[in-house]
Amino acid sequence: MNKKFYERTWFVVMCCIIFPPAGIFLIWKNKKPDRKSARIFISAILCLWTLAIAMVGSDEENLSSESREQQEETTKTKAENEKSDRREVKEKGKGKQEQNSSDD
């Protein structure tokens with residue numbers, strides 16, 4: 001009896017670890033383990049694992065987008081501060097010129 005590779009236990013286990021949805025499918029298709037209660041338990045664990053991985057992935061995406069937004073805000077704030085500093089320098093320069101012209 002020559003089994004196909006996807007019917008072998010090692011492949012089913014590997015799929016459960018690497019890509020849980022495929023592992024769940026293969027568990028039920030190949031009826032391994034033999035007891036239905038064991039398949040239900042393993043399927044539930046793999047479903048929870050898949051959801052946890054998906055949630056972690058979405059959190060990382062949110063963090064990276066938040067960090068990009070923070071960098072953009074920081075850049076904007078620096079640019080605004082530089083503009084206001086330039087304005088202050090110009091205003092101080094004008095004030096000194098007016099004082100010098102009024103003193104004459």
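Good morning. Before the details, a word on the source. This is a predicted model, in which local features need a pLDDT of at least 70 and side-chain atom pairs count only at pLDDT 80 or more, while totals for chains, interfaces and linings use all residues. Residues are numbered from 1 along each chain as its sequence is written, and side-chain values use heavy atoms, with hydrogens and water left out.

Let us begin with the overall architecture. The protein chain has three helices and zero strands, and from the N terminus its elements run α-α-α. Helices here are DSSP runs of H or I with at least four residues, strands are runs of E with at least two, and both are numbered from the N terminus. Of the 104 residues in the chain, 13% count as buried. Buried means under 20% relative accessible area, exposed means over 50%, and partly exposed lies in between, with a 1.4 Å probe and protein chains only.

Now consider helix 1. Its buried residues are Phe11, Val12, Cys15 and Cys16. Seen down the axis of helix 1, these residues fall within an arc of 140°, so they line one face of the helix. The arc is taken from the directions that run from the helix axis to the C-beta atoms. On the other side of helix 1, Trp10, Ile17 and Ile18 are exposed.

How many disulfides does a search of the whole structure find? The search finds zero, a disulfide being a pair of cysteine sulfur atoms within 2.5 Å. For Cys16, the closest cysteine sulfur is that of Cys15, at 7.2 Å, which is too far for a bond. Cys16 is buried, at 10% relative accessible area, whereas Cys47 is partly exposed, at 38%.

Pro20, Gly23, Ile24, Leu26, Ile27 and Asn30 are its buried residues. They cover an arc of only 165° around the axis, and therefore sit on the same side of helix 2.

The loop between helix 2 and helix 3 deserves attention. Lys31 lies in this loop, and its phi is near 55°, a positive value in a residue other than glycine. Lys31 counts as exposed, at 53% relative accessibility. Pro33 is found in the loop as well, and a cis peptide bond with omega of about -5° joins Lys32 and Pro33. Why remark on such features? Most residues other than glycine have a negative phi, and most peptide bonds are trans.

Let us now look at the surface. Phe5, Trp10, Val13, Met14, Ile17, Ile18, Phe19, Trp49 and Ile53 form a nonpolar patch with about 960 Å² of accessible area together. Helix 1 (9-18) and helix 3 (36-103) are the elements that give two or more residues to this patch. The largest share, five residues, comes from helix 1. Trp49 itself is partly exposed, with a relative accessible area of 35%.

A patch consists of residues with over 30% relative accessible area and no salt bridge, where like charges are joined within 9 Å and nonpolar side chains (Val, Leu, Ile, Met, Phe, Trp, Tyr) within 5 Å. A salt bridge is a side-chain nitrogen of Lys or Arg within 4 Å of a carboxyl oxygen of Asp or Glu. Accessible areas come from the Shrake-Rupley method with a 1.4 Å probe, and for residues only the protein chains shown count as cover.

Finally, the database record. An unreviewed UniProt entry lists residues 9-28 and 40-58 under "transmembrane region". UniProt positions follow the numbering used here, feature names are shortened, and annotations may be inferred rather than shown by experiment. In the model, residues 9-28 are 95% helix and 0% strand, with end C-alpha atoms 12 Å apart. Residues 40-58 are 100% helix and 0% strand, and there the end C-alpha atoms are 27 Å apart.
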